[in-house]
Amino acid sequence: MGIMILGIESSCDDTSAAVIREGVLLSNVIASQSVHEAYGGVVPELASRAHQQNIIPVVSEAIKRAGIDKSELDAIAFTRGPGLMGSLLVGTSFAKGLSMSLSIPMIEVNHLQAHVLAHFIKDAPDDNHQPAYPFLCLLVSGGNSQIIKVKAYNDMEVIGQTIDDAAGEAFDKCAKVMGLGYPGGPIVNRLANEGNPNTFVFSKPHISDYNYSFSGLKTSFLYTLRDRLAVDPDFIEKNKADLCASLQETVIDILMTKLRKAAKDLNINEVAVAGGVSANTGLRDAFHDHARRYGWKIHIPKFAYTTDNAAMVAITGYYKYMDKDFCSMEATPFSRVVL
Ligand code: KG4
């Protein structure tokens with residue numbers, strides 16, 4: 001037996017459901033929405049509709065793959081926010097309906113907290129790779145770039161964050177001006193592997209504390225393209241790999257410089273990374289490099305837990321269940337929030 005939690009994630013363009021028993025993952029089903037590719041970005045209205053179509057089959061499949069019956073569930077954890085309102089409404093409403101029909105409690109989950117707690121998902125009962133508190137977590141996604149001091153599962157302090165664009169946004173926007181597909185991050189990563197990171201120099205921000213800024217880099221990237229294209233119309237095509245490698249190197253340098261400063265100032269050497277951009281292989285290499293050079297104990301999520309998934313919602317729900325931290329039927333989604 002053991003506490004069994006169903007997690008539901010629908011904050012953006014992935015419909016996902018997962019089952020966790022006593023912190024151990026039994027299933028994690030994700031339906032991604034390819035409909036947005038043609039538009040070069042997520043179209044909120046289309047995302048909501050796709051969630052409506054996907055939610056029942058995705059939840060059914062998660063329960064089936066877990067090898068359980070829905071009557072064995074102890075609670076339903078769902079992403080309440082932040083995210084797209086229409087998308088969140090689908091998951092929230094579904095969680096309410098299922099919770100009422102099964103007469104089990106509902107647990108609201110903060111999407112950002114869930115990204116951090118993805119590090120606590122166990123693949124087997126004897127899986128003990130979890131970070132020790134306190135640790136620092138670099139949370140980097142399409143909407144966030146934050147350094148979080150994690151003191152407990154429910155005690156997180158954002159000590160630094162972007163004042164404009166997020167790191168993922170910088171990748172996506174620069175990819176867009178090069179005419180690469182969407183989302184641009186993975187494409188830039190792939191091309192960067194074939195390029196020279198020292199070919200181009202882009203501007204880096206000079207801002208205080210542990211905060212980030214990526215809008216200057218984006219502008220500097222744009223101006224480089226504009227100036228070089230004026231001389232050679234095939235400039236992008238000829239230099240794609242080097243442009244991607246130099247861009248990626250700059251983003252990673254910006255991210256790691258502030259993280260290094262935070263780790264040193266706070267004297268914390270347990271450091272994790274989370275969110276969609278944590279799939280970036282250059283960033284992962286930088287973490288391994290820092291582990292060697294500075295003695296960091298690093299935590300890098302499996303690729304399956306980097307982008308939006310319900311396993312991270314279910315594990316957060318599991319911890320909140322242990323504290324009997326349930327929510328009422330009046331819970332409504334929120335689109336924006338800090339941790
Ligand atoms: O966490 P996530 O799936 O969604 C939210 O923003 O909540 O993150 C998506 C972001 C996108 O900006 C995408 O381009 C970026 O993560 N991303 C990557 C890579 N894989 C995904 N960025 C750089 N390199 C990657 N390999």
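## Salt bridges in the model

A salt bridge is counted here when a side-chain nitrogen of Lys or Arg lies within 4 Å of a carboxyl oxygen of Asp or Glu. By this rule the count comes to 16 salt bridges in the structure, which is a predicted model. In general, side chains of opposite charge can pair when their charged atoms come close.

One of these pairs joins D123 to K302, whose closest N and O atoms are 2.6 Å apart. The pair links distant parts of the chain, for D123 sits in the loop between α3 and β6 (135-140), whereas K302 sits in the loop between β10 (297-299) and α9, and 179 residues separate the two.

## Two domains

The protein is divided into domain 1, which takes in residues 4-128 together with 305-322, and domain 2, which covers residues 135-303. Taken over C-alpha atoms, the centres of domain 1 and domain 2 are separated by 27 Å. To the contact between them, domain 1 brings 17 residues and domain 2 brings 25 residues.

## The interface between the domains

The size of an interface is often given as the accessible area lost when the parts come together. For domain 1 and domain 2 this buried area is about 1700 Å², and carbon and sulfur atoms give 69% of that area. Of the area that domain 1 buries against domain 2, V116, H119 and T306 supply 37%, which is more than any other three residues.

How many salt bridges does the rule find across the interface of domain 1 and domain 2? There is 1 salt bridge across this interface, and the rule for polar contacts finds 9 residue pairs there, with both residues at pLDDT 80 or more. On the side of domain 1 that touches domain 2, the elements that give two or more residues are α3 (111-117) and α9 (311-322). Of the elements on that side, α3 gives the most, with 5 residues. When the residues on this side of domain 1 are sorted by type, they divide into 7 nonpolar, 7 polar and 3 charged.

## Around the ligand

Which residues are the closest to the ligand? The ligand is surrounded by 19 residues, and the closest are G142, D172, N189, G276 and N280.

Some of the polar atoms around the ligand can be described in detail. A backbone N or O atom of G142 lies 2.7 Å from an oxygen atom of the ligand, and a polar backbone atom of G143 is 3.5 Å from an oxygen atom of the ligand. In the case of N189, an N or O atom of the side chain is 2.9 Å from a nitrogen atom of the ligand.

## Backbone geometry to look for

Most residues other than glycine have a negative phi, and most peptide bonds are trans. In this model, however, the peptide bond from G81 to P82 is cis, with omega near -5 degrees, and P82 lies in the loop between β4 (75-81) and α2 (85-102). The peptide bond from Y182 to P183 is also cis, with omega near -10 degrees, and the place of P183 is in the loop between α4 (167-177) and α5 (184-192).

Where in the chain does E22 lie? E22 is found in the loop between β2 (14-21) and β3 (24-32), and although E22 is not a glycine, this residue has a positive phi of about 50 degrees.

Note on methods:
Residues are numbered from 1 along each chain as its sequence is written. This is a predicted model: local features need pLDDT of at least 70, side-chain atom pairs count only at pLDDT 80 or more; totals for chains, interfaces and linings use all residues. Side-chain values use heavy atoms; hydrogens and water are left out. Domain bounds come from an automatic or database domain assignment. Contact means heavy atoms within 4.5 Å. Buried area is the accessible area (1.4 Å probe) that two parts lose on being put together, summed over both. A polar contact is a pair of N or O atoms within 3.5 Å; within protein, one must be able to donate a hydrogen and the other to accept it, and residues adjacent in sequence count only if both atoms are side-chain atoms. Helices (H or I, at least four residues) and strands (E, at least two) are DSSP runs, numbered from the N terminus. Ala, Val, Leu, Ile, Met, Phe, Trp, Tyr, Cys and Pro count as nonpolar, Asp, Glu, Lys and Arg as charged, and the others, Gly among them, as polar. A residue is near a molecule or strand if one of its heavy atoms lies within 4 Å of it.
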